[in-house]
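Have a look at the model first.

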Amino acid sequence: MTKRKRHVIKHDNIVVFPGAVQTLIREGHMFAENFQYEKAVASFEKAFVYEAGDEFALSAYAFALYELKDYSKVKNVCEQLFSMGTSLYVEIMELYITVCMQLKEYHQVKSLITTLLEENVLPQDQIEKFERLKNLNSEVSKNLEKKENAQRLIEEQEYELEKFCALTSNEQSIRLHRLMDTNVRQLKEPLKEIIECSSIHPFVQSLALILLVEQEVAMKVRVAKFKQTKIVNPAELVLPNQLPQYGEIKNIVEVKLEQDPSTLEMVQYLMAKHAIVTYPFEWHPFEADDVAYSYIDFVLAMLGNVQEMDYEIIDFLQMLEKLTELH
């Protein structure tokens, strides 16, 4: 009986015994299936030193690399699979697009998905998934641009009081909105000065305070508006629609307007706007029930149904409405 010859691999004068590479690849698959991604990557990489991997080994390697957040390597492996003409095209393309987003290559992702959709190369049941990826990419790209713009403004010291006060109230409001997805702790002192400045629009004061509250920045801030003054700690404050008087007024109008949903919706809309301007004082010194009924009267009057009302509170609500026209 003749013995079957087995292929022997040599690499840098090192002899690799028959079956060793296949063993390493089997181990790579086993480790990947058991979520041992570092061991899986190590096994695949040892195997690929001696022999080019097939599409199944390379795809398992790519997904293991993704779990380890080695996105540049994942991208290279995906491109290698595309050049091979992989039968796992859709799965690898989805992975490729995802890592491009992680690498912040948003324009490439947009172009790639647009081409895939226009050329009808995707299975029908995968089109919706790639459209969602395209929308997600667009949203992430916009958010990054906002953060970069905000960071640029921070670096240019655009939130220092002197520069900030030189802007119109609308421009100030826009500048603060750009900070919504930014770590504002580095700006806590400029924001405090904005809140405490008597010449700043009350709506803008509130926006600056809300930024500190949302990120639970602990510091003492003096707030003065509508002939009221108080010292607050943003870390201990809740947002405008979570304050106690807001909840009381909301409950009263919901009961009163249970059978009139359109008027209720208008009242709730006005309350939400006005709560930002008055923040953190709410509608004090007025009582919750008086404010609730005045809101109902205010909306009914806007709809042409004029009736007897508390004109002191109505005048206050009209002033708040005018102040919210800023944004």
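Lys273 and Glu321 are both buried (under 20% relative accessible area; exposed is over 50%, partly exposed in between, with a 1.4 Å probe and protein chains only). The two form a salt bridge, with their closest N and O atoms 3.0 Å apart. Lys273 sits in helix H13 and Glu321 in helix H15, so this pair ties together parts that are 48 residues apart in sequence.

Keep in mind that this is a predicted model, where local features need pLDDT of at least 70, side-chain atom pairs count only at pLDDT 80 or more, and totals for chains, interfaces and linings use all residues. Residues are numbered from 1 along each chain as its sequence is written, and side-chain values use heavy atoms, leaving out hydrogens and water.

**Salt bridges**

- The whole structure has six salt bridges (a side-chain nitrogen of Lys or Arg within 4 Å of a carboxyl oxygen of Asp or Glu).
- One of them joins Glu128 to Arg132, with 3.5 Å between the closest N and O atoms. Both residues belong to helix H7 (residues 127-155), four residues apart, or about one turn; helices here are DSSP runs of H or I, at least four residues, numbered from the N terminus.
- Glu128 is exposed at 53% relative accessible area, while Arg132 is partly exposed at 47%.
- Lys250 pairs with Glu254 in another salt bridge, at 2.8 Å between the closest N and O atoms. That pair is in helix H12 (residues 244-256), again four residues apart.
- Lys250 is partly exposed at 31%, and Glu254 is partly exposed at 28%.

**Negative patch**

- Glu248, Glu287, Asp289, Asp290, Asp310, Glu312 and Asp315 make up a surface patch of negative charge (residues with over 30% relative accessible area and no salt bridge, like charges joined within 9 Å).
- Helices H14 (288-302) and H15 (311-324) each contribute at least two residues to the negative patch.
- Glu287 lies in the loop between helix H13 (261-278) and H14, and is exposed with a relative accessible area of 51%.

**Cysteines**

- How many disulfides does the whole structure have? The search finds zero (a disulfide needs two cysteine sulfur atoms within 2.5 Å).
- For Cys78, the closest cysteine sulfur is in Cys100, 8.3 Å away and too far for a bond. Cys78 is buried, at 0% relative accessibility.
- For Cys197, the closest cysteine sulfur is in Cys165, at 4.2 Å, which is also too far for a bond. Cys197 is buried at 14%.

Notes:
Patch = residues over 30% accessible without salt bridge, like charges linked within 9 Å, V, L, I, M, F, W, Y side chains within 5 Å. Areas by Shrake-Rupley, 256 points an atom, 1.4 Å probe, with all protein chains shown as cover. Lys, Arg positive; Asp, Glu negative; His and termini not counted. Charge placed at Lys NZ, Arg CZ, Asp CG, Glu CD.
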